[in-house]
Amino acid sequence: MPFLIAVLGVLGAAAFWWYRMKAMNDAAREVADVVGRVQGNIRRKKLRKQAALSPLTAIDDPVVAAATLITAMVSEDGPVLPQREAVIREVISQIAVGQKKTDEAVVYAKWAASQIDDTTIVIDKLAPFLRERLDPSERDDLLQMLNRVAQGGERSLKIADQRILRLRQKLGFEVN
């Protein structure tokens, strides 16, 4: 009988420790899954941010950059409707050489603006590019073009003051 109690005790202890090891293994597996999900989320966020910038990194022409910047800022409140697009085309045609260049700039601007959710990213990426390539009077003309596009179309738009302020700052204007 003592032998049977000893065997049962050993089997009970083995079952107890087997259950404990299984629970620790499950907990370790859960921790590893959580860590993997967090790392995956970080990687996906980084890829989304790079993908958001990719339409902007391909821009190497000030006309296309100006069209993209203007389109992104006026499309922040909603889609660019045909009348507003006509105003954008008119404004861009004043700085572009030829109708083909105007069409190319506006089409690319609409596509790039639709790819990027945050207008701040567009301002932060394109305004320094434009600051390097435009003289102060051309930069001022860019702001006037933006204002004309915002006022044109089916209804006038109110571009957020912080967007204008950020754009002026990134273009190198003194901001009060």
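Arg29 has a relative accessible area of 45%, so it counts as partly exposed (buried is under 20%, exposed over 50%, partly exposed in between, with a 1.4 Å probe and protein chains only). This is a predicted model, where local features need pLDDT of at least 70 and side-chain atom pairs count only at pLDDT 80 or more, while totals for chains, interfaces and linings use all residues. Residues are numbered from 1 along each chain as its sequence is written, and side-chain values use heavy atoms, leaving out hydrogens and water.

Arg29 pairs up with Asp26 in a salt bridge, meaning a side-chain nitrogen of Lys or Arg within 4 Å of a carboxyl oxygen of Asp or Glu. Both sit in helix 1, 3 residues apart, about one turn of the helix. Helices here are DSSP runs (H or I, at least four residues), numbered from the N terminus.

The whole structure has 9 salt bridges, including these:

| Pair | N to O distance |
|---|---|
| Asp26 and Arg29 | 3.3 Å |
| Lys110 and Glu85 | 2.9 Å |
| Lys170 and Asp124 | 3.8 Å |

Take Lys110 and Glu85, whose closest N and O atoms are 2.9 Å apart. This pair links distant parts of the chain, with Lys110 in helix 4 and Glu85 in helix 3, 25 residues apart. Glu85 is buried at 14% relative accessible area, whereas Lys110 is partly exposed at 36%.

Now for helix 4 itself: Thr102, Ala105, Val106, Ala109, Ala112 and Ala113 are its buried residues. They share one side of helix 4 because they cover an arc of only 135 degrees around the axis (taken from the directions from the helix axis to the C-beta atoms). Gln99, Lys100, Val107 and Ser114 are exposed on the other side.

How values were computed: Helices (H or I, at least four residues) and strands (E, at least two) are DSSP runs, numbered from the N terminus.
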